Amino acid sequence: MDGPVRIADSGAASEADSTYAWVRLAASLLIGTIGSVGMWSVVVALPAVEAEFGAGRADASLPYTLAMVGFGAGTLIMGRLVDRLGIVLPLLGGALVLGLSFVASGLAGSLSIFAATNLLIGFGSSATFAPLLADISHWFKRQLGLAVAVCASGNYLGGALWPPIVQRLIEAYGWRTNQVVVGLVCIAAVLPLVLMLTRRLAAAHAASTDVAAGANASLGLDPRLLAGLLCLAGLSCCIAMSMPQVHIVAYCGELGYGVARGAEMLSLMLGFGIVSRIASGFMADRIGALATLLIGSVLQGSALLLYLLYDGLVPLYVISALFGLFQGGIVPMYAVIVREYFPRKLAGTLVGLVIMSTIVGMAAGGWMSGAIFDLTGSYWPAFANGLAWNVVNGAIALFLLVRRSRIDRWRPAPA
């Protein structure tokens with residue numbers, strides 16, 4: 001692994017890993033935690049919305065599907081805007097779209113209108129994840145992996161904090177009031193935090209990050225091929241990841257343990273996922289993002305294999321905790337890899353593209369596992385399918401790591 005890139009300009013060096021950089025990271029983490037409500041609120045509100053509109057389960061699930069579509073499309077679009085305009089304007093726009101769409105969803109007179117507003121909710125929420133990962137990566141060098149992993153933890157923190165808040169609001173005031181309140185909170189809380197991100201990088205520091213990316217030369221691959229491999233890796237790992245995350249509740253119901261036990265396992269997964277993300281950041285700063293990605297892929301595959309071997313209640317709790325501990329750090333590594341091997345000016349676009357691939361993987365994997373269960377009447381083949389996709393992810397990570405090792409072996413020592 002290469003050592004840290006030396007920066008000749010002292011002013012540029014002072015910006016990397018500076019006190020302000022950590023303040024910016026804290027603000028980004030809070031924005032990510034708040035903005036992630038767009039992905040979690042609709043899941044909690046689903047039963048109440050279904051009851052009011054008299055919809056079937058499939059129709060009532062459409063708002064969540066559209067929220068995921070909006071999030072995926074927004075991830076790419078917002079990433080491109082960040083490359084052109086910086087982080088502030090896309091974040092301001094995303095926060096306003098998120099908040100106002102929540103308010104509009106609370107006033108929806110039909111399920112179709114509610115679903116359409118959730119498309120916009122997902123789009124607004126997208127500004128608070130991948131674009132923030134790309135932005136914060138410019139402000140760190142020695143602890144780049146840790147910074148990106150901490151920033152990415154906002155999504156999981158939101159998953160732990162928002163559902164109980166939303167549930168209590170719905171129980172006390174109804175789902176419509178919840179939507180309006182959440183929307184206003186998003187606007188009131190995010191906009192002041194965005195003002196903390198208005199500072200721009202000095203030109204010398206920005207140029208130094210491009211020098212670092214150029215030195216790595218995309219691992220000797222055509223940049224488009226490398227980007228495509230990272231997208232395929234992200235798609236594959238999240239098809240595998242989606243099997244337990246999307247279906248663990250239903251799986252426990254099928255086994256006769258009850259959906260409440262499955263919900264507990266899901267919470268356990270997300271909780272250990274936060275630990276995993278932070279730990280992966282420390283690892284990436286010491287052994288490199290590619291090695292960390294490969295380790296995470298191997299461990300995630302090991303947990304999926306355990307799901308195939310054991311289905312007792314206690315083993316499922318243990319395996320679910322292990323799965324969360326193993327998989328949480330995988331997605332942030334793609335952002336770190338992009339920053340290591342591509343120019344700074346493409347960071348927002350390429351981080352958005354790879355993260356969008358992971359979202360497509362989650363959506364496709366969730367559907368795929370359900371289709372396999374409908375076809376076979378068992379979740380065992382669905383877990384096996386997830387494990388097969390995980391092998392694809394691991395193979396890509398291994399291929400890239402081997403190329404990195406060969407380049408390092410033949411690179412001349414610095415004078």
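Let's start with charges. Searching the whole structure turns up four salt bridges. The cut-off: a side-chain nitrogen of Lys or Arg within 4 Å of a carboxyl oxygen of Asp or Glu.

A word on the source. This is a predicted model, where local features need pLDDT of at least 70, side-chain atom pairs count only at pLDDT 80 or more, and totals for chains, interfaces and linings use all residues. Residues are numbered from 1 along each chain as its sequence is written, and side-chain values use heavy atoms, with hydrogens and water left out.

Which residue does Arg 176 meet in a salt bridge? Glu 52, at 2.7 Å, N to O. Arg 176 sits in helix H9, residues 175–194, and Glu 52 in helix H3, residues 37–53, so this pair ties together parts 124 residues apart in sequence. Helices here are DSSP runs of H or I, at least four residues, numbered from the N terminus; strands are E runs of at least two. Arg 176 is partly exposed at 26% relative accessible area. Glu 52 is also partly exposed, at 42%. On those words: buried is under 20% relative accessible area, exposed is over 50%, and partly exposed is in between, with a 1.4 Å probe and protein chains only.

Next, Arg 224 and Asp 222. Their side chains form a salt bridge at 3.2 Å, N to O. Arg 224 is exposed, at 69%. Asp 222 is partly exposed, at 36%.

Then Glu 264 and Arg 261, with a salt bridge at 3.7 Å, N to O. They are three residues apart in helix H12, residues 259–287, so about one helical turn separates them. Glu 264 is partly exposed at 38%, and Arg 261 is partly exposed at 34%.

On to rings. A pair of aromatic rings is described by the distance of the centres and the angle of the planes. Rings of Phe, Tyr and Trp (its six-membered ring) pair if their centres lie within 6.5 Å; planes under 30 degrees apart are stacked, over 60 edge-to-face, the rest tilted. By that rule there are nine aromatic pairs. One of them is Tyr 307 with Phe 383, stacked, 4.8 Å centre to centre and 15 degrees between the planes. This pair links distant parts of the chain: Tyr 307 is in helix H13 (residues 289–309), Phe 383 in helix H17 (residues 380–410), 76 residues apart. Buried or exposed? Tyr 307 is buried, at 2%. Phe 383 is buried too, at 1%.

Phe 373 and Tyr 379 have ring centres 4.5 Å apart and planes at 20 degrees, so they are stacked. Both are buried. Step back, and ring pairs join Tyr 251, Tyr 307, Phe 323, Phe 373, Tyr 379 and Phe 383 into a cluster.

Charges over rings now. The rule wants NZ of Lys or CZ of Arg within 6 Å of the ring centre and within 35 degrees of the ring normal. Arg 199 puts its charged end over the ring of Tyr 20, 4.6 Å from the centre. Arg 277 lies over the face of Tyr 156, 4.1 Å from the ring centre.

Last, a helix pair. The axes of H11 (residues 223–255) and H15 (residues 330–341) come within 10 Å and cross at roughly 175 degrees. Axes are lines fitted to C-alpha atoms, for helices over the stretch in contact, and angles run from 0 to 180 degrees between N-to-C directions. H11 and H15 are therefore roughly antiparallel. The classes: under 35 degrees is roughly parallel, over 145 roughly antiparallel, 65 to 115 roughly perpendicular, the rest oblique.
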